[in-house]
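Student: Can we go through the labels on this model one by one? I'd like to see what stands behind each of them.

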Amino acid sequence: ARQAPADRKRVLQVMTNLLSNAAKFSPEGSTVLVTATLGGEYVRIGVHDNGPGIPENFRNRIFGRFAQADMSHTREKGGTGLGLAICKRLVELMEGDLGFDDRQGGGSTFWFELPAQP
């Protein structure tokens, strides 16, 4: 299978956005954890926060343009609603995938997978 090299600037933009979101929505003084795992043909980067989690009614459009959850703390934090849509597109351009999972004990894990280099 052909492996696409990751673009350093795109990866940096995705990481910057995911880390910014994690810090923005985590309680003050909490830790944002970043993990990297190699699973077969993909490398998975995870950004784990301690925020309020993703509301059930927002999950299906979280990666849409101008999408923002209608929660009081979201409105307080500001933002354009473009960050995750841009991240998803950048990761897809590098032949990868981006998603999220609930984090045990509260919060969310946003992750992206990119093809591992041969």
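This is a predicted model: local features need pLDDT of at least 70, side-chain atom pairs count only at pLDDT 80 or more; totals for chains, interfaces and linings use all residues.

Student: Why is V43 called partly exposed?

Tutor: V43 has 28% relative accessibility, so V43 counts as partly exposed. Buried means under 20% relative accessible area, exposed over 50%, and partly exposed in between (1.4 Å probe, protein chains only).

Student: What is V43 in contact with, beyond its neighbours within four places in sequence?

Tutor: T37, L38, F112, E113, L114 and A116; contact means heavy atoms within 4.5 Å. Also, the C-alpha atoms of V43 and P115 are 6.3 Å apart, though 72 residues separate the two along the chain.

Student: And which strand holds V43?

Tutor: Strand β2, residues 42-48. Strands (E, at least two residues) and helices (H or I, at least four) are DSSP runs, numbered from the N terminus.

Student: How do you know that β3 pairs with β4?

Tutor: Two strands pair if DSSP finds at least two bridges between them. Six bridges join β3 to β4 (residues 108-115), and the two run antiparallel. F100 stands opposite F110 in β4.

Student: What is the strand order in the sheet?

Tutor: β1-β2-β4-β3, an open sheet of four strands with antiparallel pairing.

Student: What makes β1 and β3 edge strands?

Tutor: β1 (33-39) and β3 (97-102) each pair on one side only.

Terms used
Residues are numbered from 1 along each chain as its sequence is written. Side-chain values use heavy atoms; hydrogens and water are left out.
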